[in-house]
Amino acid sequence: MSHLTIPADLLPRDGRFGSGPSKVRREQVDALAAVGTTLLGTSHRQAPVRSLVGRVRAGLAALFDAPDGYEVVLGNGGSTTFWDVATLCLVQERAAHARFGEFGAKFAAATTRAPFLAPSHVVSAPAGQVAVPEHVDGVDAYAWPHNETSTGVIAPVRRVAGSRDALMLVDGTSAAGGTTLDVSQTDVYYFAPQKSFASDGGLWLALASPAAVERAARVEGGDRWVPESLSFTTAVTNSRADQTLNTPAVATLVLLAEQIDWMLEQGGLAWAAQRTATSAGHLYSWAESRDWAAPFVADPALRSPVVGTVDLAPEVEASTVTAVLRRHGVVDIEPYRKLGRNQLRVGMYPAVEPDDVLALTACIDHVVEQLV
Ligand SMILES: *Cc1c(COP(=O)(O)O)cnc(C)c1O
């Protein structure tokens with residue numbers, strides 16, 4: 001396979017198709033360079049960085065059309081850290097989860113292991129399918145991922161019927177910014193910036209309802225010990241002042257702010273959703289039309305617009321295809337490692353040009369024609 005080559009005119013203009021970290025646009029990098037000697041390296045307690053945080057918060061509220069009273073909260077540590085924040089501060093006694101892949105499973109494991117909570121209720125579905133949380137008496141927080149990045153399944157975002165004042169905690173880490181939703185169906189819609197927002201990792205961001213803010217105040221005001229760095233209430237207080245508890249990565253915030261403003265200028269979430277749907281529509285119809293490929297997610301309604309998974313026939317080794325592509329600068333379409341399938345996984349976030357997804361599939365065709 002070291003002899004296999006792809007003609008330069010078939011290659012995508014940009015070869016980054018990772019599901020996170022994901023493609024950062026050239027214009028974002030230029031914007032970062034432009035503030036490289038003024039904003040970078042300056043205090044996060046002073047006006048220039050605080051107004052950058054304010055720009056991110058206002059931009060996200062506009063992009064998601066935040067319902068009255070919802071606020072944008074942020075803190076350091078990424079979505080994984082947010083699971084610990086939520087376990088400590090947002091679940092009162094018992095959580096229920098829908099688990100249909102690695103990311104949903106990780107949050108379910110976090111609440112299940114918490115010694116101060118009752119054992120979590122978990123509904124599961126195999127990889128490639130979806131599970132939706134079901135009403136359970138005594139549960140005060142329901143959790144599921146909007147997009148299961150490990151499998152490429154998109155899930156509905158709807159309040160659990162009959163759940164009264166239970167909180168809906170929805171992991172938007174890969175979906176947020178790449179598809180539409182009604183945020184009022186959630187109490188906390190949380191995510192990190194290295195996926196649809198084309199920035200770096202290390203931050204968590206959340207749209208939080210007044211009920212979520214009140215819940216955290218009540219739980220944290222009780223006798224549960226909550227470390228300060230994992231306190232949701234502390235994050236709310238700092239966010240309201242356009243700050244974070246401890247030092248954030250300023251460059252990450254610059255890249256993030258640029259991407260949010262770009263999306264707003266282009267037409268907001270509806271525009272972004274249209275763009276990812278175009279990319280995904282191409283990827284899935286291409287996979288369906290090849291007899292050595294097929295979309296991994298059988299139900300078309302569950303196929304993610306932002307992370308596409310394509311199974312390959314056994315005679316076409318995915319690892320060979322990805323190795324040849326990688327040698328040509330087309331990278332990160334390996335499947336989620338723990339899924340263990342002969343598969344390609346393609347990040348199609350808003351930063352990715354739909355034409356580049358077309359070029360990617362042409363490159364895969366070219367490699368496979370030489371292989372079989
Ligand atoms: C990537 C991802 C995470 C983990 O995000 P980190 O910022 O790396 O902690 C969590 N949930 C989903 C759905 C993801 O795609």
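These questions and answers concern a predicted model.

Q: Why is Asn238 called buried?
A: Buried means under 20% relative accessible area. Asn238 has 17% relative accessibility, so Asn238 counts as buried. The residue lies in helix H6, residues 232-240.

Q: Which residues does Asn238 touch, not counting residues up to four places away in sequence?
A: Asn238 touches Arg45, Gln243, Thr244 and Leu245. Contact here means heavy atoms within 4.5 Å.

Q: Why does Asp332 count as partly exposed?
A: The limits are under 20% for buried and over 50% for exposed, with partly exposed in between. Asp332 has 35% relative accessibility and therefore counts as partly exposed. Asp332 is found in the loop between helix H9 (318-327) and strand E12 (343-347).

Q: How do you know that the span of H4 agrees with its twelve residues?
A: The expected span is 1.5 Å times one less than the number of residues. For the twelve residues of H4 this gives 16 Å, and the end C-alpha atoms are 16 Å apart, so the two agree.

Q: Which residues of H4 are buried, and why are they said to line one face of the helix?
A: The buried residues of H4 are Phe103, Gly104, Phe107, Ala108, Ala110 and Thr111. Seen down the axis of H4, they fall within an arc of 155 degrees, so they line one face. An α-helix has 3.6 residues a turn, so residues three or four places apart point the same way.

Q: What makes up the lining of the largest cavity?
A: The lining residues are Trp83, His97, Ala98, Phe103, Gly104, Phe107, Ala143, Trp144, Pro145, Leu169, Asp171 and Tyr190. Two or more of the lining residues come from each of strand E2 (95-99), helix H4 (102-113), strand E4 (141-145) and strand E7 (167-171). By class, the lining has nine nonpolar, two polar and one charged residues.

Q: How many cavities of 30 Å³ or more does a search of the whole structure find?
A: The search finds one. The largest cavity holds about 60 Å³ of space.

Q: What is the omega of the peptide bond that joins Gly20 and Pro21?
A: Omega is about 0 degrees, and the bond is cis. Pro21 lies in the segment before helix H1 (26-34).

Methods: Residues numbered from 1 in each chain as written. Predicted model: local features only at pLDDT ≥ 70, side-chain atom pairs only at ≥ 80, totals over all residues. Heavy atoms only, no water. 1 Å grid on protein atoms, 1.4 Å probe; cavity = no way out; pocket = protein on both sides within 12 Å on 5 of 7 lines; lining within 4 Å. Points joined across faces, edges and corners; volume = space filled by probe spheres on them. Helix = DSSP H or I, 4+ residues; strand = E, 2+ residues; numbered from the N terminus. Nonpolar A, V, L, I, M, F, W, Y, C, P; charged D, E, K, R; others polar. Buried < 20%, exposed > 50% of the residue type's maximum accessible area, 1.4 Å probe, protein only. Arc of directions from axis to C-beta.
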